[in-house]
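Please keep the model in view while reading the numbered points below.

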Amino acid sequence: GEGTKESPYKIKDLNDLKTMQSIMEKGYGMEGKYFELQANLELPSNWDGLGTLIDKNWHSPNEYDKTQENGGKNVTPFMGIFDGKGHRITIPDGGKAPFKYVRKATIKNLKLYGANVDGSALISSMFLDYGPTGNYDDLDSNKGFWTVIIDNVTLESNSKTSDAGFMQGTGSGADKVTIRNSTVEQNVKVN
């Protein structure tokens, strides 16, 4: 594929997902690129999610701010359109969600299952995101800014998360999240 709506990149196996992760580690958030999952996948136990910190050693000089994201300035988030095509991603016991950091992302048509997920099942790290500059006042210039659209995603029965179902409820008024046509099935435990 070419990463377009008409010719999306095809994610056929875990190696393809790891390739996406490796590209993101190099600073490319894949903004506007289309991806289609072609088969059910099981994440490895050491999976850390799509999206990464730019400088993993950076810490806020503010002693009360223990975050490393710097308002979004220190993050390479997943910024593409991920279509699960109705396939399932299984999260191993104690494993993390498929996505870590997202901005201007769409995740759709995906099933999730994890008997004991460490954190939330879809996105593991929500953060105060003021865009690539990390400055809240710059958001007016980022027309169309949003965090994520979650559409037709199912957290399957008998899954268990140690945090919220799909994602944490943190962020700010600038972090717009849309969840539609999505389901947390019966017998899902959220701690």
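1. Strand 8 is mostly covered, with 7 of its 8 residues buried. Here buried means under 20% relative accessible area, exposed means over 50%, and partly exposed lies in between (1.4 Å probe, protein chains only). Strands (E, at least two residues) and helices (H or I, at least four residues) are DSSP runs, numbered from the N terminus.

2. The model is predicted: local features need pLDDT of at least 70, side-chain atom pairs count only at pLDDT 80 or more, and totals for chains, interfaces and linings use all residues. Residues are numbered from 1 along each chain as its sequence is written, and side-chain values use heavy atoms, with hydrogens and water left out.

3. The pairing of strand 8 deserves attention; two strands pair if DSSP finds at least two bridges between them. Strand 7 and strand 8 run parallel and are joined by 7 bridges, with alanine 105 standing opposite valine 148. Strand 8 is also joined to strand 10 (residues 177-180), again in parallel, by 4 bridges; in this pairing valine 148 stands opposite valine 177. A parallel pairing over 2 bridges links strand 8 with strand 11 (residues 183-184), where threonine 183 is the bridge partner of threonine 154.

4. Isoleucine 149 belongs to strand 8 (residues 148-155). With a relative accessible area of 18%, isoleucine 149 is buried. Its C-alpha atom is separated by 4.7 Å from that of threonine 178, which is 29 residues apart along the chain. Not counting residues up to four places away in sequence, isoleucine 149 touches Ala105, Thr106, Ile107, Thr178 and Arg180, where contact means heavy atoms within 4.5 Å.

5. Is glutamate 156 buried or exposed? Glutamate 156 counts as buried, at 12% relative accessibility. This residue lies in the loop between strand 8 and strand 9 (160-161). Beyond residues up to four places away in sequence, glutamate 156 touches Arg88, Lys111, Leu112, Tyr113, Glu185 and Val188.

6. A nonpolar core is a set of buried Ala, Val, Leu, Ile, Met, Phe, Trp, Tyr and Cys residues joined through side-chain atoms within 4.5 Å. The largest such core has 34 residues, of which Leu17, Phe78, Phe82, Leu122 and Ile123 touch the most other members. At least two residues of this core come from each of helix 1 (14-25), strand 2 (34-37), strand 6 (81-90), strand 7 (105-113) and strand 8. Leaving aside neighbours within four places in sequence, the contacts of phenylalanine 82 include Ile11, Leu17, Phe35, Phe99 and Leu110.

7. The whole structure holds 4 aromatic pairs. Rings of Phe, Tyr and Trp (its six-membered ring) pair if their centres lie within 6.5 Å; planes under 30 degrees apart count as stacked, over 60 as edge-to-face and the rest as tilted. Tyrosine 9 and phenylalanine 35 form a tilted pair, at 5.4 Å centre to centre with 40° between the planes. Tyrosine 9 lies in strand 1 (residues 9-11) and phenylalanine 35 in strand 2, so this pair ties together parts that are 26 residues apart in sequence. Tyrosine 9 is partly exposed, at 31%, whereas phenylalanine 35 is buried, at 4% relative accessibility.

8. Phenylalanine 78 and phenylalanine 99 form a tilted pair as well, at 5.3 Å centre to centre and 50° between the planes. Phenylalanine 78 and phenylalanine 99 are both buried. Finally, Tyr9, Phe35, Phe78, Phe82 and Phe99 form one aromatic cluster.
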